[in-house]
Amino acid sequence: MLTMEDEVFSPLPDLMGATGLPAHARISGWLEQLITSRQLPAGTRLPPEVDVAAALGVSRMTLRQALASIEGKGLLERRRGRLGGSFVAQPRFDFSLSELPGFTEQMRRAHVEAGAHIVQALTRAPAPDVRAALQLRRGDDVHEVLRVRSANGDPITLEETYLPAAVFPGMLELDLGDSLYRVMEREYGRSPYSAEEVIEPVKASTQQAQLLGVAREDALLLVTRTSYAADGLPVEFARDFFRPDRTRIVVHTQVDQGFTLGASSTEGAAAD
């Protein structure tokens, strides 16, 4: 079992610097970085709480706040009993649908190495739903790209992407092992600016299960997306299949500024 003298814990976090963050937040950030960077691999048992708290110079209550925060993000499992303790879980990664950074950029922000395995890349006639989403005419082709996206080598997402071939000529001759959005912007000036996305649960097909390393009919989280360039032109139709045991979908919302309590009350009075 690890001890606080092990090199992986060096250097300890600075809990005295003027960052404005409380001690428990600094500790959780430090441990999160060790976990997501795989310096603390999945299954690793942390040293006893009393030893960690003593090494950091904090109370066990402060340490437990930090551990609870990490556990809430799915990075840590806290087990009870004689063989219990805090164990590093298989990390789950947050994917924001409130912006369009793409998989590669979201992994970079999480300090995780993003990978892409190209399963299929070809130009073909689109299925009716793809044609409708991309507003194509009969006879127009699409580039179909199927890729398994990985985080630190572990498969977590299967991307099924369709791009209008007329907008992106010769795209399949380019390097598709990196960010498609980056290629779309750099080579064609047509990266997504806005998108409509739908989230729903589905069961893994045989192929999806094999590619993602799960069992057939295991639950997956499907995000279906139609993306538009700044001028409103549809430039991408995609189906992204996420492993829910390794990912979380994050959506940031705010109150509709066109709706106010005053307006609601006025409308209610008029209805009366």
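Helices (H or I, at least four residues) and strands (E, at least two) are DSSP runs, numbered from the N terminus. The structure is a predicted model, in which local features need pLDDT of at least 70 and side-chain atom pairs count only at pLDDT 80 or more, while totals for chains, interfaces and linings use all residues. Residues are numbered from 1 along each chain as its sequence is written, and side-chain values use heavy atoms, with hydrogens and water left out.

The average pLDDT (the predictor's confidence in each residue, from 0 to 100) of the protein is 89, and 94% of the residues score at least 70. Among the elements, the highest mean pLDDT, 98, belongs to helix α5 (residues 128-133), and the lowest, 51, to helix α8 (residues 261-271). Where pLDDT is low, the predicted coordinates should not be read in detail.

R38, in the loop between α1 and α2, has a positive phi, near 70 degrees, and is a residue other than glycine. The peptide bond from S10 to P11 is cis, with omega near 0 degrees; P11 belongs to the segment before α1. Most residues other than glycine have a negative phi, and most peptide bonds are trans.

Helix α2 (residues 49-56) and helix α3 (residues 60-72) have axes that come within 9 Å and cross at roughly 105 degrees. Axes are lines fitted to C-alpha atoms, for helices over the stretch in contact, and angles run from 0 to 180 degrees between N-to-C directions. The pair is therefore roughly perpendicular (angles under 35 degrees count as roughly parallel, over 145 as roughly antiparallel, 65 to 115 as roughly perpendicular and the rest as oblique). In the contact (heavy atoms within 4.5 Å), E49, V50, V52 and A53 of α2 meet R60, L63, R64 and L67 of α3. Five of the contact residues are nonpolar, none polar and three charged. Ala, Val, Leu, Ile, Met, Phe, Trp, Tyr, Cys and Pro count as nonpolar, Asp, Glu, Lys and Arg as charged, and the others, Gly among them, as polar.

Grid points are joined across faces, edges and corners, and a volume is the space filled by probe spheres set on the points.

The largest pocket holds about 410 Å³. Its lining comprises 19 residues, with R92, F93, D94, R109 and A110 nearest the centre. β3 contributes the most, four residues. The largest cavity holds about 310 Å³, and G102, F103, Y181, R225 and D240 are the closest to its centre among 24 lining residues. Here α4 supplies the largest share, four residues.

Methods: 1 Å grid on protein atoms, 1.4 Å probe; cavity = no way out; pocket = protein on both sides within 12 Å on 5 of 7 lines; lining within 4 Å.
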